[in-house]
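Thanks for making the time this morning.

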Amino acid sequence: MALNFPNTSIDSFTDASGDTRLRLNGLFRSAAGNVPAFQVRHDANAVIAAGTTLNFESSAVGQTVFDDGDNVSAGIFTAPVDGVYWFYVWLMDENDGSNTNDYYSIRVNNSGGTGNTVAGLDTAFRVYSSGRSSHHHQWPGGVIFHLAEGDNVRVYVDRMDVGMYGNSGYYCMFAGCYLGRT
Amino acid sequence: MEVSGNYAAYERCNARGGRSTGDSGTAVEYSFNVVSNSNNDTGGQSGARFTAPYDGTYWIYYWFMIRNTTTQNNKRWRLRINNSSDNRQVYVYTSNGGGYYREAQSGIIVNLAAGDFVSCYTDLFNLYGSSTLYSRVNVTFLG
């Protein structure tokens with residue numbers, strides 16, 4: 001039996017595995033509500049130093065490319081609902097010096113991360129590099145976090161010898177989106 | 001299914017994992033000892049493998065680090081389907097380097113049948129595995 005609405009309906013079907021599934025017809029999920037999602041970039045024309053939260057939005061010429069749900073402030077995303085979220089960072093080194101044991105992290109509630117437990121999977125994720133001096137090195141990273149409403153997520157530069165390149169948003173980006181309930 | 005408030009709050013199948021038991025070794029499936037699954041019914045991440053619980057499209061993303069003691073010249077690891085040479089697999093390749101830490105990541109969107117599994121075959125690399133902060137698998141069912 002289908003439930004019919006203007007321009008859409010809901011029914012069930014049997015998939016290739018023989019399982020019964022619910023289906024929304026004529027309605028993509030994003031039409032059912034505003035899915036929290038964002039992309040911010042850094043265009044500050046300055047080296048991004050260690051000990052810094054990437055402050056994309058409020059930098060001199062930073063860009064908020066989009067912020068569906070209005071959940072980003074000063075480069076920090078705050079989860080509007082409990083659930084599963086995907087985050088992705090794209091960064092590049094400056095090329096004028098050492099790059100030894102440098103790392104940055106995607107942090108939940110500004111935690112440096114505990115690691116090695118299931119709960120630790122939701123504290124932080126680190127991106128690490130060493131030993132390549134005087135060259136531009138791109139080192140992105142992405143992660144799924146399970147967040148509670150009100151948890152915040154940021155990109156934090158933990159240790160950098162020469163800083164991150166911040167002259168163009170083409171090389172410095174932070175994005176994320178809500179995936180669904182846990 | 002539930003759509004609540006202003007958000008499409010579906011219970012999304014996803015899985016995550018990390019490794020803290022040491023480096024992987026070469027020519028093996030990289031196994032994750034810290035694993036979290038949500039809404040998988042059957043399947044999900046266990047050890048080295050994510051087994052698809054449903055027919056459909058999945059986003060698969062691996063993030064690894066290569067040790068600084070590793071020669072990185074002409075080496076690769078693979079993101080594999082059913083640990084085979086299935087043409088959906090992806091190679092992650094490096095050359096002209098070694099002696100430093102570097103990232104080795106790859107992500108794909110792939111159609112899987114229920115029961116298909118995805119894993120990382122380390123091939124020629126001995127991938128870092130001493131902390132879940134530096135080794136991750138992330139999987140999401142897209143629909």
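Leaving aside its neighbours within four places in sequence, which residues is Tyr104(A) in contact with? Before I answer, please keep in mind that this is a predicted model. The contacts of Tyr104(A), once those neighbours within four places are set aside, are Leu91(A), Val127(A), Val155(A), Tyr156(A), Val157(A) and Asp158(A). Tyr104(A) itself sits in strand S10 of chain A, which covers residues 102-108, and because 25 C-beta neighbours lie inside 10 Å of it, where 20 or more are needed, Tyr104(A) counts as buried. I would also point out Phe125(A), which is 21 residues away from Tyr104(A) in sequence, while their C-alpha atoms are 8.5 Å apart in space.

Let me step back to chain A as a whole. Chain A has 14 strands and zero helices, and of its 182 residues, 37% are buried. If we take the contacts in chain A between residues at least 6 apart in sequence, 66% of them join residues at least 24 apart. As for confidence, the average pLDDT of chain A is 81, with 82% of the residues scoring at least 70. The pLDDT falls below 50 over residues 27-32 of chain A, and that stretch has eight contacts in the model beyond near neighbours in sequence.

Now to chain B, and to one of its sheets. Here we have an open sheet of five strands with antiparallel pairing, in the order S2-S1-S10-S5-S8. Strand S2 (34-38) and strand S8 (102-112) of chain B are the edge strands, each of them pairing on one side only, and from one strand to the next the twist averages 10 degrees.

How many bridges join strand S5 of chain B to strand S10 of chain B? There are six, between residues 56-66 in S5 and residues 136-141 in S10, with the two strands running antiparallel; within that pairing, Val139(B) in S10(B) is the bridge partner of Ile60(B). S10(B) also pairs with strand S1 of chain B, residues 14-18, in the antiparallel sense over four bridges, and there Asn14(B) stands opposite Thr140(B).

Why do I describe S10(B) as largely enclosed by the rest of the structure? The reason is that six of its six residues are buried. Arg136(B), Asn138(B) and Thr140(B) point one way from the strand, whereas Val137(B), Val139(B) and Phe141(B) point the other way, and all are buried.

Finally, the nonpolar core. The largest one holds 75 residues, of which Tyr85(A), Ile106(A) and Phe145(A) touch the most other members, and S5(B) gives the most to this core, with eight residues. Phe145(A) is in contact with Tyr85(A), and also with Phe87(A), Val108(A), Asp122(A) and Val153(A), again leaving aside neighbours within four places in sequence. In soluble globular proteins, nonpolar side chains tend to be buried together. I am happy to go back to any of these views.

Conventions:
Residues are numbered from 1 along each chain as its sequence is written. Chains are lettered from A and ligands numbered from 1 in the order in which they are written. This is a predicted model: local features need pLDDT of at least 70, side-chain atom pairs count only at pLDDT 80 or more; totals for chains, interfaces and linings use all residues. A residue is buried if 20 or more other C-beta atoms lie within 10 Å of its own, exposed if 12 or fewer, and partly exposed in between; C-beta atoms are placed from the backbone. Two residues are in contact if their C-beta atoms, placed from the backbone, lie within 7 Å. Two strands pair if DSSP finds at least two bridges between them. Axes are lines fitted to C-alpha atoms, for helices over the stretch in contact, and angles run from 0 to 180 degrees between N-to-C directions. pLDDT is the predictor's confidence in each residue, from 0 to 100. A nonpolar core is a set of buried Ala, Val, Leu, Ile, Met, Phe, Trp, Tyr and Cys residues joined through C-beta atoms within 7 Å.
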